Amino acid sequence: MTSAIAIVGAGPRGAGILERLGASAPELLSGGVGTGLDVHLIDPYPAGAGRIWRHDQSPLLAMNSMAADVTMYTDDSVVCEGPIRPGPSFWDWAQELQAHGDPDQLGPELGAELRAVTASTFPSRRLQSAYLGWVLDEVIAGMPPGVRVHVHRTRAVGLAEDGPTQTVFLEDGPPLRVDTVVLASGHLDATPTAEELALVDRAAELGLLYLPPEQTTDTDLSVIRPGQTAIVRGMGLAFIDLVVLLFEGRGGRFEPVDADGDTLRYVPSGAEPHLVVGSPRGAPYHSKPHYELRGGRPPLPRFFGPAEVDRLIAAGEPVELRAQVWPLMAKEIAWGWYHELFLGHPDRVRLHWDEFAARYSELGWDTPAMAELITAAVPDTLDRIDFTALDRPLDGVHAPDLAALQPLVRERIAEDLRQHVDPAHTPHLGAFVAMLSVYGSLGRLIGAGTLSARSQAFDVRWWQSFFNAVASGPPGFRVRQLLALSRAGFVEFLGAGMWVDVADGTFRAGSATLEGAPPVTATALVDARLPDASAARTEDPLLASLMRSGAAGEAVIVDDDGTVLRNTGLIRVRPSDGALVDASGTVHPRRFAVGPHTAVKVAGAFTRPGMNAQSLRYNDAVARAVLRSLPVARESASAA
């Protein structure tokens, strides 16, 4: 009996599910794979890379991860049901191609880049595209006998069922009849919100330019004229891409001012706009750390792991994230920080690690006794973790006008950059590693429905924003370039607590940092971020049809009194395995979904090696549930 699976979305998340299907198929399917298993990968973009990592984008755009920090494969650190199948990380792949292959097979530009790659290089997205394509080819080649993979370079536009059979309708090609479907489409575009549409109409009426949220690499930026002032809302990774494309992408270049290249000068092309940028925090995401741990990987989880999550779930009472969970999370993140400080920089502390760790373990976070211990053991305040500074980097900064503010913001950004590239400050990396552990534990708690409705509606959003700012920042060289553009006057910072309105025929902007100062005016406004998730407004035709029919439902957070606190915009799935939940709350036995468009938050489609990554563990759980949904698996189970 032949079975069939359709994976809608063939980017790294879809490829990761495929790898786990191949790993577990011999165990879970009758007779290994019975008489055969067909797996259909469906994506209009190149399989392996998908939309975000496709080769067809600017060669200037880089990853925000170092070459040594990217893998698609499980390793001995990963705790999952399925078999561990190690494979090359990006850096392993690059080294092998450098030593024994022909880098020019990737083309002259990528070949030259690959020859220059080191473990600490932040590769271009085009080179990552080549790695991801290679991984998919290897995964397909390594499928067990009887498993056949079919790649369909088209869009899935509909999904119907006839009894147990799922029919996937394609934009180009005949429908596919399969047993089980996995929706792994990644970030989904959505039509603008009512507020954004009103702003589009108002801008058109006044002859202004407004660019609503969108994947920056897909935006037509030619509408921003040279010399035009544009107000930019958002300072995350979409903003960094915007800066790259509007300045280097228009022929500008950066030159080192000093021999070590720590300070850059921007040389304009004459085609640049003038950007005035702000956000709630008022500063870009913290730079990715550019160093390795000196003290070894901290033992994690320590204070917020399975035992603590089990205890909170078993209590059977709604849990408040800020009051009950954050102290455990903060203690865990700080544990990573101090583990690295004490073992990597023992000359900067006054206690031996064993003594500090024993006392630290007994104390609650943010208690006077904990503060006393840290103060006594860590004399330099710069060596103490400061969550307020990490979350609100411009706290305490105020200026009477925009010009006076610029050197103050540059000073904060430059100091933060220094700490993330100077090996004297590797505790930042210890905290980063601990944050990844915390992310997975909190995800399990959220999935169990244990958090109170208000914590789900508001506190989880704060945590996700904080995590993104600390753990998902740009490479240090991008921050240097941003500082150079600021010194040259092409980028100005508005500060924290940004606001925007339309008045007197123009866009106006200001901030809490500039309270009392006259507003900045401009003829263009750019929302530099991805669209907010919205299953109800999705532009994906397959998901839109499921939403219209009620075959998929949006996760809604409801207070105890029935008040809707927030529409998450995410589709409902069973947290344990990604099984799709319809509008009535029924779990579908043969439809699954995984990725950022679902209510299960998983950090990244690929990950750092050796981290027991949540993404790899979840891929494994989803893949095994998919295999168990097949008729041959059910027959095998009943026969046993």
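Is Phe467 buried or exposed? At 4% relative accessibility, Phe467 counts as buried (under 20% relative accessible area; exposed is over 50%, partly exposed in between, with a 1.4 Å probe and protein chains only).

Before going on, note that this is a predicted model: local features need pLDDT of at least 70, side-chain atom pairs count only at pLDDT 80 or more, and totals for chains, interfaces and linings use all residues. Residues are numbered from 1 along each chain as its sequence is written, and side-chain values use heavy atoms, without hydrogens and water.

**Stop one: Trp335 and Tyr360.** A search of the whole structure gives 30 aromatic pairs. A pair needs ring centres of Phe, Tyr or Trp (its six-membered ring) within 6.5 Å; planes under 30 degrees apart are stacked, over 60 edge-to-face, the rest tilted. Select Trp335 and Tyr360: this pair is tilted, 5.9 Å centre to centre with 40 degrees between the planes. Trp335 sits in helix H8 (residues 321-344) and Tyr360 in helix H9 (residues 353-362), so the pair ties together parts 25 residues apart in sequence. Helices are DSSP runs (H or I, at least four residues), numbered from the N terminus. Both residues are buried.

**Stop two: Trp463 and Phe467.** Their ring centres are 5.8 Å apart and their planes at 50 degrees, so this pair is tilted. Trp463, at 2% relative accessibility, is buried.

**Stop three: the cluster.** Select Trp326, Trp365, Phe387, Tyr439, Trp462, Trp463, Phe466 and Phe467; ring pairs link them.

**Stop four: Arg322.** Arg322 lies over the face of Trp462, 3.9 Å from the ring centre (the cut-offs: NZ of Lys or CZ of Arg within 6 Å of the ring centre and within 35 degrees of the ring normal).

Note on methods: Helix = DSSP H or I, 4+ residues; strand = E, 2+ residues; numbered from the N terminus.
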